[in-house]
Amino acid sequence: MPRVVVYLDEVRCHDTEDKTGKDDVYVIGAVKTSDSKTSEGFVTRPINIDDDETLKFGPGGGYVFDEQLPRNGLFQIEMTALDEDTAKTASDYEQAKKAIDKALATVPNPRVAAVGSLTVEAADAAVRLDKDDELGTLLKPFSVSQIPDGWTLHRWDFEEEGLGWSTWKYEILYWVGKF
């Protein structure tokens, strides 16, 4: 069975959501598979970022999934990017991660196509207690057999053009590896 790895690398900001200064972007999510090997949830720490900056993820980012999967297996990367509007403590992020893990544990045999975004819903309930701004959501399915050997770079673009006051444009780079 091939080993599949997901690595959350960096965020690129082209336009912040907060027009009065920098955004504090963080990502919540998990990787779910068709054979019940699900990552623990992950919650990155906020990245204080401004227009035209590119920054690497720190704690909570990096390697978010590393499992052996069947060659004919499926998996889905689920992530939501948010702009933190009210400062949180490390404990708040741990609570969010626990909520994601608990939601994942309630699904006895997750099927990528059928489960939807339980991870994102759980994270939404845990982290958005202070109404942080949701910048974008990614639900990206993969077939293990379709991934080339080695690392492949993936880009997740999200933006809001809006009416001018609350707009943003970001991209997040992440790697998927099969070995």
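A residue counts as buried when its relative accessible area is under 20%, and as exposed when that area is over 50%. Tyr170, at 1% relative accessibility, is therefore buried. The model discussed here is a predicted one.

**Aromatic pairs**

The structure contains seven aromatic pairs. One of them is formed by Phe65 and Phe75, which are stacked with 6.4 Å from centre to centre and 10 degrees between the planes. Phe65 belongs to strand S6 (residues 62–68) and Phe75 to strand S7 (residues 74–83), so this pair ties together parts that are 10 residues apart in sequence. Both Phe65 and Phe75 are buried. In the pair of Phe158 and Tyr170, the ring centres are 5.7 Å apart and the planes lie at 15 degrees, so this pair is stacked. Phe158 lies in strand S9 and Tyr170 in strand S10 (residues 168–178); the pair therefore ties together parts that are 12 residues apart in sequence. Phe158 has a relative accessible area of 6% and is buried.

Phe65 and Phe75 also form one aromatic cluster with Phe142. Over the ring of Phe142 sits the charged end of Lys140, 5.7 Å from the ring centre.

**Salt bridges**

The count of salt bridges comes to nine.

| Residue | Partner | Distance (N to O) |
|---|---|---|
| Arg12 | Glu10 | 3.1 Å |
| Glu171 | Arg12 | 3.0 Å |
| Asp149 | Lys178 | 3.9 Å |

The salt bridge between Glu171 and Arg12 ties together parts that are 159 residues apart in sequence, because Glu171 lies in strand S10 and Arg12 in strand S1 (residues 3–15). Glu171 is buried at 7% relative accessibility, and Glu10 is buried with a relative accessible area of 10%. Arg12, at 29%, counts as partly exposed.

Asp149 and Lys178 meet in a salt bridge. This pair links distant parts of the chain, 29 residues apart: Asp149 is in the loop between strand S8 (133–143) and S9, and Lys178 is in strand S10. Asp149 is exposed at 64% relative accessibility, whereas Lys178 is buried at 5%. Salt bridges with shared partners join Asp9, Glu10, Arg12, Lys56 and Glu171 into one network.

**Thr152**

Thr152 is placed in strand S9 (residues 150–160). Its relative accessibility is 18%, so Thr152 counts as buried. The side chains of Thr152 and His154 are joined by a polar contact of 3.0 Å. Apart from neighbours within four places in sequence, Thr152 is in contact with Tyr174, Trp175 and Val176.

Terms used:
Residues numbered from 1 in each chain as written. Predicted model: local features only at pLDDT ≥ 70, side-chain atom pairs only at ≥ 80, totals over all residues. Heavy atoms only, no water. Helix = DSSP H or I, 4+ residues; strand = E, 2+ residues; numbered from the N terminus. Buried < 20%, exposed > 50% of the residue type's maximum accessible area, 1.4 Å probe, protein only. Polar contact = N/O pair within 3.5 Å; in protein donor to acceptor, adjacent residues only side chain to side chain. Contact = heavy atoms within 4.5 Å. Phe/Tyr/Trp six-rings, centres within 6.5 Å; stacked < 30°, edge-to-face > 60°. Lys NZ or Arg CZ within 6 Å of the ring centre and 35° of its normal. Salt bridge = Lys/Arg side-chain N within 4 Å of Asp/Glu carboxyl O.
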